[in-house]
Amino acid sequence: MKSTDLYQGKHHKWIVFGRDQGKSEKIIDTNQYMIVTNQQTMLLDPGGIELFSAMLAGILSHTELDKVTTLFASHQDPDIISSLGLWDKTIPKAKLYAPWLWEGFIRHFGMDNIEYKSIPDEGQELRLDSVTFRFIPAHFLHSSGNFHVYDPEAKILMSGDIGAALEEPDAPMFVEDFARHADKMRYFHQRWMPSNSAKKNWIARVRELEIDMMAPQHGRIFKGEAVQEFLEWFDNLEVGIVNS
Amino acid sequence: MDSIRKHPEIKCFVTVATIVAQLEVILTEAKSLSLTSKNARVVAIRAGEAALGFKSITNFINEFSGRTIQTTEHINLHASQLFKLALHHLRASQLEQHLAKSLTILDHPESKKLYSVAASHVKDAMVALKHELQNLQWQFEEIEQQMRAAEYIAVTSRVEASQAGEFCASLESVSDYISSAAMRIKGAIETNLNTLDELERVFK
Ligand SMILES: [Fe+2]
Ligand SMILES: [Fe+2]
């Protein structure tokens with residue numbers, strides 16, 4: 001598993017894990033994000049059960065397990081959180097922030113110790129040490145109960161499945177040529193995203209945020225200009241299409 | 001079955017599931033055995049003097065089928081506990097395997113610590129499961145003994161039935177039924193004892 005530092009600020013840093021060499025090619029490649037504050041660590045969309053060992057090794061090369069206090073699951077998909085049953089035994093005192101809608105479903109992954117913290121539909125703030133994060137609603141994009149994580153200090157938006165691309169396993173971490181990259185995103189967004197009105201709604205909400213980096217759960221990360229290019233592209237894309 | 005050899009922790013689960021499935025067979029047979037004995041008792045009473053011996057035999061049948069039902073229901077109640085233990089064991093072994101894999105990627109003292117805790121959890125889970133399975137084996141052996149008695153009674157009752165005059169044929173069919181039901185229950189028990197045996201071999 002490759003790890004890349006995304007942001008290093010005064011109070012915290014962002015690391016992305018991805019491009020797992022050990023994974024089977026039939027499993028969709030995922031990006032896992034880790035935010036390390038002074039005393040705490042939060043994992044965003046910690047990933048599927050198949051990734052657990054590589055993730056554990058990755059995390060331990062940056063921080064101590066005792067400090068991993070918080071997990072976040074944007075939605076209920078297996079590529080997001082099917083590793084939960086193993087984390088439950090590894091970091092039993094941690095809290096999992098996830099959409100209220102999915103509690104009864106996510107618990108099927110096995111959860112005896114970790115505490116489920118339901119995020120209400122309108123989203124909420126979360127403070128880790130001195131840093132405040134915001135859970136931004138992204139319902140029906142694609143999951144019916146779905147959130148992104150916005151970090152106003154680092155100006156990073158972790159955007160879950162939005163901005164996702166189906167990529168080669170060794171693809172670079174950042175979008176270089178947007179027009180070429182768009183080809184790798186079109187099918188994913190048209191097929192997995194069901195609602196044009198939810199899309200419009202989300203774009204309006206996100207345009208109000210100051211974003212330097214948009215970090216999706218699959219594919220490449222958007223930086224600077226590419227963020228606005230993405231919003232423009234997404235705005236013009238019709239979604240909820242089966243055959244394209 | 002090859003996957004089971006490679007992943008013995010799955011074997012526990014399959015064992016419990018196999019056993020629970022067989023419990024249903026035992027329970028159904030024991031219940032109809034108990035019903036048969038009640039009906040046969042009515043016939044024997046109607047047959048009067050000629051079927052006195054048969055009547056007392058129906059009491060026996062009723063008694064051991066009742067006990068079999070009781071034991072089986074008791075096992076059934078414990079089945080959910082067994083599944084829980086097996087699931088616990090399965091999860092613990094999965095964690096152990098994933099941690100071992102993690103150690104090959106990064107040999108970190110924290111992973112090592114986690115691994116040794118996980119390994120001891122697997123052992124504890126195994127001990128708890130083995131204990132329950134041992135109990136189970138004893139209970140099955142008890143039912144097996146009852147079925148041996150049932151087969152013996154079936155033979156005796158056949159002799160008694162032959163002396164019941166006009167009720168002879170009807171009571172004889174009861175004897176046949178007892179012996180075939182006892183055989184079916186014994187078959188189910190045998191399956192379960194073999195399954196338990198196999199599991200023990202996998203663990204060794
Ligand atoms: Fe998803
Ligand atoms: Fe996803």
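## The two chains in contact

Two residues are in contact when heavy atoms of theirs lie within 4.5 Å. In this predicted model, 18 residues of chain A are in contact with 13 residues of chain B.

The size of an interface is often given as the accessible area lost when the parts come together. Chain A and chain B bury about 1300 Å² between them, and 67% of this area is on carbon and sulfur atoms. On the side of chain A, A:Ser53, A:Leu60 and A:Lys89 supply 36% of the area buried against chain B, more than any other three residues.

## Polar pairs and helices at the interface

How many salt bridges are there between chain A and chain B? The count is zero. Polar contacts are present, with three residue pairs found across the interface of chain A and chain B.

Helix H1 (52-60) and helix H3 (84-90) of chain A each supply at least two residues of the side that touches chain B. The largest share of that side comes from H1(A), with six residues.

## The iron ion (ligand 1)

Which residues hold the donors of the iron ion (ligand 1)? They are A:His75 (NE2), A:Asp77 (OD), A:His142 (NE2) and A:Asp161 (OD), lying 2.1 to 2.2 Å from the ion. The arrangement is irregular because the four donor atoms subtend angles of 84 to 169°. Along the sequence, the donor residues of this ion follow the spacing H-x1-D-x64-H-x18-D.

A:His75 and A:Asp161 link distant parts of the chain, being 86 residues apart. A:His75 sits in the loop between strand S5 (68-72) and H2 of chain A, while A:Asp161 sits in the loop between strand S11 (156-158) and helix H5 (178-192). Both A:His75 and A:Asp161 are buried.

## The iron ion (ligand 2)

The protein donors of the iron ion (ligand 2) are A:Asp79 (OD), A:Asp161 (OD), A:Gln217 (OE1) and A:His218 (NE2), at 2.2 to 2.3 Å from the ion. The site is irregular, with angles of 79 to 169° among its four donor atoms. The sequence spacing of the donor residues is D-x81-D-x55-Q-H.

This site also links distant parts of the chain: A:Asp79 in helix H2 (residues 78-81) and A:His218 in the loop between strand S12 (213-215) and strand S13 (222-223) of chain A are 139 residues apart. Are A:Asp79 and A:His218 buried or exposed? Both are buried.

Which residue bridges the iron ion (ligand 1) and the iron ion (ligand 2)? A:Asp161 does, and the two ions lie 3.4 Å apart.

Notes:
Residues numbered from 1 in each chain as written. Chains lettered and ligands numbered in written order. Predicted model: local features only at pLDDT ≥ 70, side-chain atom pairs only at ≥ 80, totals over all residues. Heavy atoms only, no water. Donors = N, O, S within 2.8 Å, 3.2 Å for Na, K, Ca; no water. Tetrahedral: all angles 85-135°; square planar, octahedral: opposite > 155°, others 65-115°. Helix = DSSP H or I, 4+ residues; strand = E, 2+ residues; numbered from the N terminus. Buried < 20%, exposed > 50% of the residue type's maximum accessible area, 1.4 Å probe, protein only. Buried area = accessible area lost by both parts, 1.4 Å probe. Salt bridge = Lys/Arg side-chain N within 4 Å of Asp/Glu carboxyl O. Polar contact = N/O pair within 3.5 Å; in protein donor to acceptor, adjacent residues only side chain to side chain.
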